[in-house]
Amino acid sequence: SRASGSFILGAISDKYGRESTIIGIMMLTIPFSIMLLFANNQQILTIIYAIIGFLIGGLFSVVFALSMDRTKRNVAALQFGIFMAILNLGELSGGSISGTLISLFDFTKVFLYAAWVIGPAFLLFYLVLVTTKKQNNST
């Protein structure tokens, strides 16, 4: 499902814009992630995980495209490499940290703590997007 998400949501971002697609993917990922808490059988859990995988695959595709759009052409490979290193580090460490936290605390507490961390990060991301758009519009 990640491969199909990359293909389909990447094409959607070409048509409707990278930022709006990223925000849409995040807004769809939140309720499906919450639904994981209430899944009462394996079939529902599998369907929800497939949908989240589709969305995450699309998110990676769109973030990669956005990072290439933002890089300067003469140092694009270096900047893209830095973006990918940060993304891969976050993905690998995030899984390790969350698994450890879930084993130490219960799942609902970890979900709440994650919201406390991710919420301000999303606000910062939004602030960067708004600032970037204002700078692009003024030039």
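1. Buried residues of α2. In this predicted model, helix α2 has a set of buried residues: R18, E19, T21, I22, I25, M26, T29, F32, S33 and L36. They cover an arc of only 155° around the axis, which puts them on the same side of α2.

2. Which exposed residues sit on the face of α2 turned away from its buried side? That face carries M27 and F38.

3. Length of α2. The helix runs over residues 18-38, which is 21 residues.

4. Packing partners. What do the buried residues of α2 pack against? Their partners are α1 (2-16), α3 (42-70) and α5 (107-138).

5. α1 against α2. The axes of these two helices come within 7 Å and cross at roughly 135°. An angle over 145 degrees would count as roughly antiparallel, and 65 to 115 as roughly perpendicular. α1 and α2 are therefore oblique to each other.

6. Residues in that contact. From α1, the residues involved are L9, I12, S13, D14 and Y16, and they meet R18, S20, T21 and I25 of α2. By type, the residues of this contact divide into four nonpolar, three polar and two charged.

7. D106. Where is D106 placed? It belongs to the loop between α4 (76-104) and α5. Is D106 buried or partly exposed? Its relative accessibility is 39%, so D106 counts as partly exposed; the limits for that class are 20% and 50%. D106 and I30 are 76 residues apart along the chain, and their C-alpha atoms are separated by 19 Å.

8. The whole chain. The protein chain has five helices and zero strands, and its pattern along the sequence is α-α-α-α-α. Along the principal axes, the C-alpha trace spans about 50 × 30 × 25 Å. The chain has 139 residues, of which 22% count as buried.

9. Contacts along the sequence. Taking contacts in the protein chain with a separation of 6 or more, 64% are between residues 24 or more positions apart.

Definitions and conventions. Residues numbered from 1 in each chain as written. Predicted model: local features only at pLDDT ≥ 70, side-chain atom pairs only at ≥ 80, totals over all residues. Heavy atoms only, no water. Helix = DSSP H or I, 4+ residues; strand = E, 2+ residues; numbered from the N terminus. Expected span 1.5 Å × (residues − 1). Buried < 20%, exposed > 50% of the residue type's maximum accessible area, 1.4 Å probe, protein only. Arc of directions from axis to C-beta. Contact = heavy atoms within 4.5 Å. Axes fitted to C-alpha atoms, helices over the stretch in contact; angles between N-to-C directions. Parallel < 35°, antiparallel > 145°, perpendicular 65-115°, else oblique. Nonpolar A, V, L, I, M, F, W, Y, C, P; charged D, E, K, R; others polar.
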